Amino acid sequence: DRTQVAIVGGGPAGLLLSHLLHLEGIESVVLEHRSQDHVQSRLRAGVLEQGTVDTLRDAGLGAGMAARGMPQTAIDFRFGRRSHLIDFTHETGGRQVMVYPQHEVVTDLIRARLEAGGQVWFDTPVTQLDDLTTSRPVVHYEVDGEPHQLRCDIVAGCDGFRGLSREAMPADARTSYDRIYPFAWLGILAEVPPAAPTVTWGCHESGFAMLSFRSSTVSRLYLQCAPDDKPENWSDDRIWHTLHERLDVDDMPPLIEGRITQKGVTGMRSFLSEPMQHGRLFLAGDAAHIVPPTGAKGLNAAVADIRVLSRGILDFYRRASTDVLDQYSALCLERMWLVQRFSAGLCTMVHQFPGQGAFERRLQRADLDTLTGTHAGRLAFSENFTGLPYAI
Ligand code: RFL
């Protein structure tokens, strides 16, 4: 078998790349380890930057967002028993974000690819990448345990943090940066109308909590827990008690309780591997970098990479130019380090660290006061949260 671009991984990064290439008449195959059902039901990110929304809309994928997306213009930081609203649309002169769950983005992308006759091969694990520094790389994969090969011009490594693409780069050709945080998030899905119209962050002395939503009847809530915590340790009563403690304030209505339908623990990590390319292999999304979910940047960062990569591949075929591909890693990393800085900074500002002393706690409070109480603080947050400018 052969194709122009072999895409390892059918998450948001791989599927979007395949779709954007298709719009330009470039052929690709997406090889996805898991089943279509599994990929479409994974519950993950929920906040799309303005640029992510525009990118999807410009690619003809706006219908679902228009029908079910929930545009947001502000975020509520709660601390010191009060609400502190940052109106990021006002601060940035009109930029918004959209609450639209990742599994919907993935479902929209899969539908668009399949309707266009696109090659998305589910249940197809990639096992090895070869000849990456030649002009004819080979992707080894399995179907029902049987080995196969796909030849291509370019390999896109979009197989997430635990994928194999990153490891296919020689160890001495890459540098990893890694920080593991000493806490995690317990995420829950509850059948209750959101208790507030905006995404709400509770920055409390007992730990962080967050209120977001999935629809007018379903809320998504998170609370800081121990890194090795188990969902079984959290009874519904304990969850609601903790959420009230961290999110309720004197000047806003309290949380509304309801049936909890899902619980899961997510670790917190900042990670980046550079460079993001090796020969004809290009890493994108979580395969190259992950951020703690606090800033809601993971999915958005994947989209930013794919914008650059799709342009580079287009120039490669249309203009026989490798200028953008040669610069791929540098173009992505310049923006990505700013995203890392924002995500790590926020994560550090709003969580309680084990063993943290009174002095650190007061500094955190001063940081929150600067963030919400000064024009410079609100503006810097708003520019980052709605999305930094793209390289391409
Ligand atoms: P993905 O979505 O992980 O997709 C990678 C795909 O590659 C497949 N794969 C392989 N396929 C073939 N052969 C192999 N050998 C393969 N190895 C792996 C996998 O099955 C998978 O389908 O990466 P991508 O496309 O880069 O997209 C990135 C985003 O998914 C990610 O950044 C965010 O979801 C991160 N994230 C969150 N981000 C936020 O902004 N807000 C959140 O609230 C949020 N919650 C989360 C998250 C990530 C989570 N994970 C990964 C543990 C919650 C969770 C639980």
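Which residues have the most contacts inside the largest nonpolar core? In this predicted model, they are L48, V139 and I313, within a core of 67 residues. Helix α8, spanning residues 298-318, gives the most to this core, contributing 10 residues. A second, separate core comprises 30 residues, including M70, W185, M210 and C347. In soluble globular proteins, nonpolar side chains tend to be buried together.

The surroundings of V139 were examined with residues up to four places away in sequence not counted. On this basis, V139 touches A6, L31, V126, Q128, L129, H148, Q149, L150, C152 and V155.

An open sheet is formed by three strands in the order β3-β7-β4, with antiparallel pairing. Strands β3 (47-48) and β4 (70-72) stand at the edges; each has a single partner strand, so one side of each is left without a neighbour in the sheet. Three bridges join β4 to strand β7 (residues 97-99) in the antiparallel sense. Within this arrangement, M70 has V99 of β7 as its bridge partner, and M70 is also among the members of the second core.

Strand β17, covering residues 259-274, contains L272. This residue has a relative accessible area of 1%, which falls under the 20% cut-off, and L272 is therefore classed as buried. Apart from neighbours within four places in sequence, L272 is in contact with T175, S176, Y177, A288, H289, L333, M336, W337 and Q340. Between L272 and E360, the C-alpha to C-alpha distance is 27 Å, at a sequence separation of 88 residues.

Conventions
Residues are numbered from 1 along each chain as its sequence is written. This is a predicted model: local features need pLDDT of at least 70, side-chain atom pairs count only at pLDDT 80 or more; totals for chains, interfaces and linings use all residues. Side-chain values use heavy atoms; hydrogens and water are left out. Helices (H or I, at least four residues) and strands (E, at least two) are DSSP runs, numbered from the N terminus. Buried means under 20% relative accessible area, exposed over 50%, partly exposed in between (1.4 Å probe, protein chains only). Contact means heavy atoms within 4.5 Å. A nonpolar core is a set of buried Ala, Val, Leu, Ile, Met, Phe, Trp, Tyr and Cys residues joined through side-chain atoms within 4.5 Å. Two strands pair if DSSP finds at least two bridges between them.
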